[in-house]
Each structure stands twice: as C-alpha cells, then as structure tokens.
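This report goes through one model: its confidence, its two ligand sites and a few local features. The sequence and structure are shown first.

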Amino acid sequence: MSRKVITLAEIRDGSLRNVSFEAIAAAKTIAQGGEVVAVLLGESAQSYANELIYYGADRVVTVENEKLNHYTSDGYGQALMAVIDSEKPEGIVFGHTALGKDLAPKLATKLNSGLVSDVVAVEEAGGNLVFTRPIYSGKAFEKKIVTDGVIFVTVRPNNIPVLERDEARSGNVTNLSANIKDLRTIVKEVVRKTAEGVDLSEAKVIVAGGRGVKSADGFKPLQELAEVLGGAVGASRGACDAGYCDYSLQIGQTGKVVTPDLYIACGISGAIQHLAGMSNSKVIVAINKDSEANIFKVADYGIVGDLFEVVPLLTEEFKKLKVRS
Amino acid sequence: MNIFVLMKRTFDTEEKIVIANGKVNEDGAEFIINPYDEYAIEEAIQVRDKHGGEITVITVGNEDAEKELRTALAMGCDKAVLINVEDDVEEQDQYTTAKIIAEYLKDKQPDLILAGNVAIDGGSGQVGPRVAELLGISYVTTITKLDIDGGKVTIVRDVEGDEEIIEASLPLLVTAQQGLNEPRYPSLPGIMKAKKKPLEELELDDLDLEEDDVEAKTKTIEVFLPPKKEAGKILQGELADQVKELVTLLRTEAKVV
Ligand SMILES: Cc1cc2nc3c(=O)[nH]c(=O)nc-3n(C[C@H](O)[C@H](O)[C@H](O)COP(=O)(O)OP(=O)(O)OC[C@H]3O[C@@H](n4cnc5c(N)ncnc54)[C@H](O)[C@@H]3O)c2cc1C
Ligand SMILES: Cc1cc2nc3c(=O)[nH]c(=O)nc-3n(C[C@H](O)[C@H](O)[C@H](O)COP(=O)(O)OP(=O)(O)OC[C@H]3O[C@@H](n4cnc5c(N)ncnc54)[C@H](O)[C@@H]3O)c2cc1C
C-alpha cells in the first residue's frame with residue numbers, strides 16, 4: 001500500500017540537520033512508493049528546499065512567516081496543521097530532537113493518532129510498518145505498529161541511513177501561506193551554550209570525559225583526540241556536576257542521546273543513565289583505571305589505565321595514521 | 001493555586017531486564033517514582049509554598065502505585081488520585097494514559113500541571129504534551145527553571161543543551177528536566193502525615209469512560225533484548241603497545257576510523 005508522507009525538516013546554524021535527511025529516508029520506507037513531501041518553516045525556508053530534494057524528497061512545501069523563525073509549539077503546530085489540511089498525509093516523520101519531541105505528541109493528539117517515538121529502524125513486514133525503538137533506558141527494544149489514525153513517528157538521529165544525495169533529482173517547491181495567530185508562549189531569548197561546529201547528537205566520533213578527567217583542563221587531551229578524529233567532545237553528568245564542563249555536553253538519559261560510529265569513554269564509570277545515552281553506539285572504547293568499571297561491560301575494546309597517559313598516546317597514533325594516509 | 005502533578009511508577013532501569021512471554025518480567029523487580037517526576041513533585045511543592053494552593057498527584061496504573069503515591073504525599077503533596085485501570089484496560093499506550101488523565105482533569109480547572117519530561121522505562125516523552133493538547137492549554141517541555149509572578153510565567157527551557165527563556169501564562173503544563181531542583185527526601189513527620197492524607201481511587205467508570213474511548217492507537221508486537229554483545233576485548237601488555245593495537249583494531253576490525 002502506498003502512502004503520502006510528510007516530514008518536517010530542521011535548520012540549525014544555517015544548515016539542514018542531518019536527521020532531516022534521515023527522516024526523509026524513513027518517510028520513503030513508510031511511503032512504500034507514495035509521495036514524500038518535506039516541509040520547511042521560517043522566512044528563509046525556500047533557500048534550503050533543493051537540498052531536501054537531492055536527499056530524496058519528491059516535493060517541498062514551505063511556510064514562510066516571520067513568526068516561524070523560532071520554534072514554538074503553537075506557531076509550528078498551526079503551520080503544520082495548515083500543511084496537513086492541504087496535503088492530507090497518511091504518515092508524518094519528525095526527528096527525535098527537542099523540536100520533534102515537543103511537537104509530535106501535540107499533533108498526533110490533534111489528529112487522534114498513534115505516535116511511535118524515538119525510532120531506530122523502520123521496516124515493512126507482513127503488510128505492516130514495523131518500528132523498532134529502545135525501551136528501559138536502552139536495555140531492551142520493542143517493535144511497534146500504529147493501529148489508528150495517521151502514522152506519526154520521530155526518528156532518533158544517526159540511526160536511519162540517509163539516501164544517496166543526487167543533484168540530478170528535481171521536484172516542486174511551493175509556499176503555503178498560513179495565518180499564524182495567538183502564540184501563547186513566547187521565546188524571549190536563546191542562550192547559546194553549545195559550541196558551534198559538530199553537533200553532538202549527529203557526530204560520527206565522540207570522545208567523552210567523566211569525573212576521571214578531574215578538572216576543566218583535564219578535558220584538553222580529549223579535545224585534541226576529538227580534533228584529530230574530526231569528532232566532538234561529550235561528557236558524563238559526573239563531569240558536568242563537578243563543573244569540569246558545561247551541561248550542554250552531557251550525554252545520557254537527561255542529556256543527549258548519541259549513536260556515533262565510535263564512542264571513546266574516558267574516566268566514565270558507566271552508570272545506567274549514561275549508558276542510556278550512548279550504549280547503541282556502533283563501537284565503544286573504554287579507558288578507565290578501574291578494571292571493574294561498568295563501562296567495560298558495554299565496551300568493544302577496553303584499556304585499563306590512566307586516561308592522562310592513554311589519551312595523548314592515542315592522539316599521537318592517530319596523527320601518525322593521518323600522515324601516512 | 002490549583003496544582004497537579006502527573007506521576008508514573010516506573011521500573012527501576014538499574015535492574016536487570018528479563019523477558020518472559022514477550023514482555024519485560026516485572027515480578028520481584030524494583031519500582032520507583034520516575035526520577036523526572038520527582039523534580040515535578042519538588043517544583044510543585046516549592047510553587048505551592050510560595051503562592052499557596054493545593055497539590056494533587058495523579059497516577060494511572062494499578063494498586064501497586066499506592067506506595068509511590070504515599071511517597072509523593074510524604075514529600076509534601078496534599079492529595080493523591082490513583083486511576084486504577086487494571087481491570088478495564090489490556091493494551092495501553094501513551095494516548096490511553098493521556099486521555100484518562102485529561103478526562104480526570106477537564107473539570108478540575110488546573111492552574112499548573114507538572115509532569116516529567118520522559119519516563120525512564122517507556123521513554124516516549126509523549127504524555128505531557130498530549131494531556132495539554134487534550135485540555136487545550138499550552139505547554140513547555142524540559143524546563144530547568146520556573147518563576148510565577150501573578151499570571152505571568154517565566155521559564156528556562158533546555159533545548160539540547162542550549163537555553164530558551166520563555167514567557168507563558170497560566171493555565172500551563174510543564175515537563176521537568178534534570179537541573180530544575182533537588183528533590184527532597186520524605187521526612188519522618190512527612191511520612192506519618194502522608195498516611196492520613198486523602199488518596200482517592202477511581203476507575204474508568206467514574207470518569208464516564210468506556211474501554212473503547214481509551215483504546216490504544218499503537219501496538220507492541222515484540223519485545224526483545226539487544227543481541228548479546230560479545231565480551232569486549234580488554235587489551236593487554238605495555239600501554240604503548242595497547243594503544244597501537246587499539247588503533248589497528250579500530251581500523252581493520254571495527255573499520256570506524
Ligand atoms: C535522574 C537522573 C538522571 C541522570 N542522567 C544522567 C545523564 O544523562 N548522563 C550521565 O552521564 N549521568 C546521569 N546521571 C548520573 C549517573 O547516575 C552517574 O552519577 C554519572 O554518570 C557518573 O559520572 P562519571 O562516570 O563521570 O563519574 P564516576 O561514577 O565517579 O566515575 C568516574 C570514573 O573515572 C575513573 N577514573 C578516575 N580517574 C581516572 C583516570 N586518571 N584514568 C582513567 N579512569 C579514571 C574511575 O575509575 C571511575 O570509573 C543521572 C542520574 C539521575 C538520578
Ligand atoms: C495496565 C497497563 C498496561 C499497559 N500495557 C501496555 C502495552 O500493551 N503496550 C505498551 O507499549 N505500554 C503499555 N503500558 C505502558 C503505558 O502505556 C506507558 O508506559 C504510558 O502510556 C506512559 O508512556 P511512557 O512510558 O512513554 O511515558 P512518557 O510519555 O515518557 O512519560 C512522561 C511523563 O508523563 C507522565 N506519565 C506517564 N505515564 C503516566 C501514568 N501512567 N500516570 C501518570 N502520569 C504519567 C509522567 O509525568 C511522566 O514523567 C501499560 C501500562 C499499564 C499500567
């Protein structure tokens with residue numbers, strides 16, 4: 001059965017988020033040959049539209065309105081309802097991002113529909129669309145189907161492979177004018193805490209430090225390693241609580257959930273709340289001086305030792321590798 | 001102020017997970033108040049102590065949740081409501097839970113509703129926004145600061161590590177993020193008082209709901225454990241050699257660099 005599916009794309013720091021391309025890929029599977037329409041909101045939406053088509057969207061609908069330059073559930077809710085009224089989709093895909101988590105349950109409720117959140121895989125099996133998602137802080141998984149209404153899903157960043165970018169693809173880009181009124185919540189100010197550059201939740205390599213890093217300065221060797229690998233630096237709550245780094249780096253249940261290709265945990269004990277945010281990483285390396293630390297239970301490779309010796313050596317090795325290749 | 005807290009009794013995910021008959025086995029497992037709901041409870045108490053009013057803590061579940069409701073009362077909530085669905089509902093999803101809670105709240109004229117931003121077991125983060133939408137009130141998720149001044153509410157919201165300063169008004173639903181406060185432990189006198197505080201138990205009937213009205217809109221068809229990871233390789237030998245070996249393994253075996 002083919003379906004029409006829409007997906008909401010997100011812009012961050014002037015570019016489309018990778019998860020938006022992943023959402024298009026998920027939408028393709030859900031559509032089963034039907035049309036995939038990407039939606040972009042905000043005044044400069046048009047300028048990003050082609051990129052969404054290169055990544056597989058059949059069409060793009062924009063709602064260009066200054067009230068949509070910053071996300072609010074009211075504003076985005078109204079704009080998307082206008083798109084939904086005109087497109088009548090049978091499926092809607094969001095990233096499982098701050099925005100998607102906030103907005104998808106509202107719209108699913110408005111449309112009397114089921115929503116499967118934090119999806120890591122989509123497949124068609126026996127005539128059903130089956131969504132896999134982690135439960136119990138990542139210790140188990142469930143497979144779910146939507147049994148009523150529009151199929152709503154949010155996809156966890158870095159899990160669904162994107163379609164190949166193809167500049168030969170083309171599609172219509174249209175603007176829908178929507179009357180946005182009554183914003184009941186107003187964003188007065190945004191305080192930027194995260195660093196520009198690689199977004200943690202989308203990074204391919206993460207070097208993370210815990211309380212074992214011992215000070216803010218202790219993060220320096222980790223930064224150097226991350227730099228050589230083109231990755232980002234993350235942290236456990238232990239390190240954030242101790243004031244060694246900002247909370248914007250926190251990985252885990254309360255912080256960011258990440259699924260990089262390579263996660264290097266340095267001086268992190270491996271509490272369940274931390275594992276909830278990173279245990280699905282493709283390859284995990286643990287560096288800890290305590291051979292009994294829980295982190296070794298999820299690690300693919302472990303070095304028992306002092307991170308202040310190991311991390312600089314690793315950086316040197318990777319540097320040599322870079323020179324050679 | 002008329003304050004409500006949505007509280008979920010959750011499986012303590014620090015426990016080992018065992019699957020039996022296609023479900024996570026809960027026999028003998030440890031249950032706790034969802035940690036994010038503890039922040040919601042604490043914030044509710046601080047708001048009430050400052051602005052006056054009454055806090056009702058609500059849970060949808062079965063009679064086992066009485067224990068966690070008593071704990072919330074011991075922390076300082078004034079009343080508890082247990083909506084017991086055990087006999088009426090077989091399949092339940094976030095829509096079911098939200099619909100039941102909203103049906104209970106719709107004639108209660110809440111000023112402020114606090115929930116957790118996510119339950120550590122189910123992990124969807126849907127229930128808060130769904131309840132707000134069903135009630136037609138606005139909501140702000142993952143908040144780390146809440147200030148109420150008359151009808152004006154100023155909020156700090158965590159957005160993937162950045163902060164938004166938001167202005168909103170009552171009635172309002174918010175969901176709590178770590179950093180909002182430090183939840184208190186129930187005191188001994190608190191625990192004694194809690195025994196006498198009202199705990200009302202309701203069923204779907206009492207809310208004029210039929211099982212059909214709350215029928216789940218999603219269905220779980222399988223629950224499974226992640227493929228057992230082979231025990232990781234703990235490297236041996238001189239540190240410098242271990243590091244060399246690790247780099248080689250990451251290149252040739254894991255192929256991630
Ligand atoms: C509701 C709730 C939510 C939470 N959310 C999160 C979350 O999102 N993310 C999170 O991370 N935590 C979270 N936590 C906290 C979590 O329970 C742990 O307290 C935290 O992860 C511990 O951080 P840590 O591993 O850095 O510190 P510790 O547990 O103190 O571990 C430090 C480790 O460093 C090692 N070490 C010390 N020195 C060295 C050295 N020189 N070289 C190598 N190793 C060394 C030690 O052996 C030890 O294993 C949450 C807790 C609660 C209750
Ligand atoms: C009898 C019974 C049968 C169930 N059957 C199924 C099933 O077949 N399939 C399935 O997938 N799940 C089932 N569940 C689980 C249930 O549907 C979900 O756990 C629930 O809807 C909450 O979703 P969540 O865990 O994703 O919470 P989230 O949406 O992540 O929770 C966010 C916040 O909402 C509030 N909240 C959530 N749940 C409750 C609650 N119950 N009471 C009060 N406040 C709450 C809390 O403040 C919480 O912090 C069943 C539960 C019960 C009690």
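## Model and confidence

The model is predicted. The predictor assigns the complex an ipTM of 0.95 and a pTM of 0.95. For chain B the mean pLDDT is 96, and 100% of its residues reach 70 or more.

## Ligand 1

Ligand 1 lies between chains A and B. Its shell holds 30 residues, of which R211(A), S236(A), T254(A), S269(A) and Q273(A) are the closest. By residue class, the shell around ligand 1 comprises eight nonpolar, 16 polar and six charged residues. Chain A contributes through α6 (237–241), α7 (272–278) and α8 (307–324), and chain B through α1, each of these helices supplying at least two residues of the shell. The largest share, three residues, is that of α1(B).

Polar atoms of chain A approach both oxygen and nitrogen atoms of ligand 1. An oxygen atom of the ligand is 2.7 Å from a backbone N or O atom of R211(A). On the nitrogen side, a side-chain N or O atom of K214(A) is 2.9 Å from a nitrogen atom of ligand 1, and a polar side-chain atom of D306(A) is 3.0 Å from a nitrogen atom of the ligand. Taken on its own, ligand 1 has 990 Å² of accessible area, and the protein covers 81% of it.

## Ligand 2

Ligand 2 also lies between chains A and B. There are 28 residues around ligand 2, and those that come nearest are K8(B), D37(B), Q92(B), S124(B) and G125(B). The shell divides into nine nonpolar, 12 polar and seven charged residues. Elements that each supply at least two residues of this shell are β10 (140–146) of chain A and, from chain B, β6 (54–61), α3 (94–105) and β8 (112–116).

Alone, ligand 2 exposes 950 Å², of which the protein buries 84%.

## Helix α1 of chain B

Helix α1(B) spans residues 35–51, 17 residues in total. From its first C-alpha to its last it reaches 25 Å, close to the 24 Å expected at 1.5 Å a residue. After the helix comes G52(B), which has a positive phi near 80 degrees.

The buried residues of α1(B) are Y36(B), D37(B), Y39(B), A40(B), I41(B), E42(B), E43(B), A44(B), I45(B), V47(B) and R48(B). Among them, D37(B) is also one of the residues that come nearest to ligand 2. The helix as a whole supplies three residues to the shell around ligand 1.

## A loop residue of chain A

Is N179(A) buried or exposed? N179(A) has a relative accessible area of 65%, over the 50% cut-off, and therefore counts as exposed. This residue lies in the loop between β12 (173–175) and β13 (186–191) of chain A. N179(A) is 104 residues from G75(A) in sequence, while their C-alpha atoms are 9.6 Å apart in space.

Methods: Residues numbered from 1 in each chain as written. Chains lettered and ligands numbered in written order. Heavy atoms only, no water. Helix = DSSP H or I, 4+ residues; strand = E, 2+ residues; numbered from the N terminus. Expected span 1.5 Å × (residues − 1). Buried < 20%, exposed > 50% of the residue type's maximum accessible area, 1.4 Å probe, protein only. Near = heavy atom within 4 Å. Areas by Shrake-Rupley, 256 points an atom, 1.4 Å probe, with all protein chains shown as cover. Nonpolar A, V, L, I, M, F, W, Y, C, P; charged D, E, K, R; others polar. pLDDT = per-residue confidence, 0-100. Polar contact = N/O pair within 3.5 Å; in protein donor to acceptor, adjacent residues only side chain to side chain.
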